[in-house]
Amino acid sequence: MSTTIEQMARPLLSVEEARAQMLDGLEPLPAENVSLEEALGRVGAAEVTSLTTLPPWDNSAMDGFAIRSDDVRQPVTLQVIGEVAAGGVADVTVEPGTAARILTGAPMPPGADAVAPVEDTDAEPGVAELPVRVEIRSTFNAGAHIRRAGSDLRAGQVLLRPGDVLSPAAISVAAAGGHAALPVYGKPKVAILATGDELVAAGATLGPAQIPDSNTPGLMAAARDAGAEARSLGIARDTFESVRDALDRGLEWADVIVASGGVSVGAHDVVKDAFAAVGRIDLWRIAVQPGKPLAFGRAGKTLLFGLPGNPVSSLVTFELFVRPVIRCLAGHQDIIGRELVRATLTERVRKAPGRRGFVRVRLKRDGDAWLADLAGGQESHMLAALAAADGLAIIPEALDEAAPGSAVDVIRIR
Ligand code: AMP
Ligand code: MG
């Protein structure tokens with residue numbers, strides 16, 4: 001596919017228009033059951049209820065003595081008749097005038113209705129030998145230091161709703177509720193492809209005219225960070241055949257293929273032609289800076305992204321367009337999943353009018369407000385500035401510069 005006069009003349013798509021086209025008709029991937037170990041960050045696909053009541057029985061909140069509250073209306077000495085430890089069964093009955101030593105989490109023995117913590121007795125804490133008698137030095141009402149059965153979870157209680165994102169605590173409560181696995185939406189499979197005759201794998205010795213492929217490791221990490229399983233398709237040469245061959249390999253596995261480089265209008269920019277050969281192209285020019293030339297298409301159910309090659313452009317356009325697609329496939333309701341903060345720019349920035357600018361900034365606190373310092377040079381090959389940034393300050397399309405003191409919205413990227 002070559003660039004036609006008509007395409008050149010077409011206005012650039014806004015970020016929202018482009019995103020809407022990419023998300024059009026997109027559904028979360030089919031649900032699957034995953035073990036609790038694999039569940040972190042996944043999105044619940046069905047309601048899950050507790051299979052257990054917890055605690056299953058009244059138990060002690062303290063190390064101490066299970067007593068009858070009626071016995072301890074004033075300081076008294078009680079006969080110690082036995083002990084209940086966590087994991088043990090309560091096989092003693094606390095009769096009037098007696099007490100049973102009890103450890104935290106152990107079931108309350110029959111007859112007892114309160115626990116006197118060891119600190120409120122004459123017993124030595126941490127002594128294995130059971131005392132014959134114990135002096136209780138305070139008074140306790142019925143229920144003191146007892147955790148009631150069902151005070152945490154009740155069988156049938158809802159633990160997970162569709163759309164809930166699984167946090168460590170959500171995983172823990174699912175385990176407490178008797179589950180070893182949970183129903184979640186599928187994990188998007190994302191294949192990453194670098195293109196360019198100048199590229200060699202990171203860490204390899206550079207020949208003349210060669211640079212490291214920095215996009216592959218960066219985009220793989222960004223895909224995983226967005227919740228995907230990522231694989232590399234390697235580095236394709238700047239030929240239609242090489243790119244097409246890599247796409248064919250990717251299509252056997254991936255829900256999303258993310259290529260970078262080779263996507264503008266240069267003689268070696270073969271990615272759009274290769275996309276058109278395996279599927280179709282839906283759009284390819286978006287009003288953003290960095291990152292104007294961006295190809296998006298589909299081949300069957302696989303989404304195809306051709307991101308600009310410059311490392312900053314590829315990571316920023318990944319953030320703006322690929323990340324929401326991954327989150328949508330993973331079942332997130334909040335597909336952007338980033339916080340916006342209002343900040344004051346501390347330096348002047350210039351940009352191309354007609355495109356929305358995403359300026360790499362560092363946020364710092366200024367009392368209740370935020371200041372946004374430039375994180376470094378803003379050209380689209382200046383990766384170190386992106387690595388130093390914790391936000392992308394949004395500069396509206398209409399402006400060709402933003403002066404120091406301007407209020408900007410900043411997308412927090414970490
Ligand atoms: P292109 O769009 O292919 O013309 O690439 C634009 C710029 O990005 C060129 O300077 C490329 O060398 C550079 N570039 C493209 N792909 C990568 C990559 N995977 N890693 C590092 N730089 C890249
Ligand atoms: Mg290239």
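The model is predicted, so local features need pLDDT of at least 70, side-chain atom pairs count only at pLDDT 80 or more, and totals for chains, interfaces and linings use all residues. Residues are numbered from 1 along each chain as its sequence is written, chains are lettered from A and ligands numbered from 1 in the order in which they are written, and side-chain values use heavy atoms, with hydrogens and water left out.

The ligand site comes first. Around ligand 1 there are 14 residues. A residue is near a molecule or strand if one of its heavy atoms lies within 4 Å of it. Glu 198, Asp 213, Ser 214, Gly 262 and Gly 309 come nearest. The shell holds five nonpolar, seven polar and two charged residues. Here Ala, Val, Leu, Ile, Met, Phe, Trp, Tyr, Cys and Pro count as nonpolar, Asp, Glu, Lys and Arg as charged, and the others, Gly among them, as polar.

Polar contacts are pairs of N or O atoms within 3.5 Å; within protein, one atom must be able to donate a hydrogen and the other to accept it, and residues adjacent in sequence count only if both atoms are side-chain atoms. A nitrogen atom of ligand 1 lies 2.8 Å from an N or O atom in the side chain of Asp 213. A nitrogen atom of the ligand is also 3.3 Å from a polar backbone atom of Gly 309. At Asn 310, a polar backbone atom is 3.1 Å from an oxygen atom of ligand 1. Taken alone, ligand 1 exposes 480 Å², and the protein buries 75% of that. Accessible areas come from the Shrake-Rupley method with a 1.4 Å probe; for residues, only the protein chains shown count as cover.

Two strands, β12 (189-195) and β14 (211-212), each supply at least two residues of the shell around ligand 1. Helices (H or I, at least four residues) and strands (E, at least two) are DSSP runs, numbered from the N terminus. In β12, six of the seven residues are buried. Buried means under 20% relative accessible area, exposed over 50%, and partly exposed in between (1.4 Å probe, protein chains only). Strand β12 pairs in the parallel sense with β15 (residues 229-236) over six bridges. It pairs in the parallel sense with β16 (residues 256-260) over five bridges. Two strands pair if DSSP finds at least two bridges between them. Ala 194 has a bridge partner in β15, Ile 235. In β16, the partner of Ala 194 is Ser 260.

Salt bridges come next. A salt bridge is a side-chain nitrogen of Lys or Arg within 4 Å of a carboxyl oxygen of Asp or Glu. The count comes to 18 salt bridges. In one of them, Glu 32 meets Arg 42, with the closest N and O atoms 2.6 Å apart. Glu 32 sits in strand β1 (residues 31-35), and Arg 42 in the loop between β1 and β2 (48-49), 10 residues apart. Glu 32 is partly exposed at 34% relative accessible area, whereas Arg 42 is buried at 9%.

Arg 412 and Glu 339 also form a salt bridge (3.7 Å, N to O). This pair links distant parts of the chain, 73 residues apart: Arg 412 is in strand β27 (residues 407-412), and Glu 339 is in the loop between α7 (311-329) and β21 (340-345). Arg 412 is partly exposed, at 25%. Glu 339 is partly exposed, at 46%.

Glu 401 and Arg 350 form a salt bridge, with the closest N and O atoms 2.6 Å apart. Glu 401 is in strand β26 (residues 401-402) and Arg 350 in strand β22 (residues 349-350), 51 residues apart. Glu 401 is partly exposed at 27% relative accessibility; Arg 350 is exposed at 63%. Glu 16, Arg 356 and Glu 397 are linked in a network of salt bridges.

The backbone follows. Most residues other than glycine have a negative phi, and most peptide bonds are trans. The peptide bond from Leu 54 to Pro 55 is cis, with omega near -15 degrees. A cis peptide bond also joins Gln 289 and Pro 290, with omega about 5 degrees. His 145 has a positive phi, near 60 degrees. Ala 209 has a positive phi of about 70 degrees. Ala 209 is exposed, at 73% relative accessibility.
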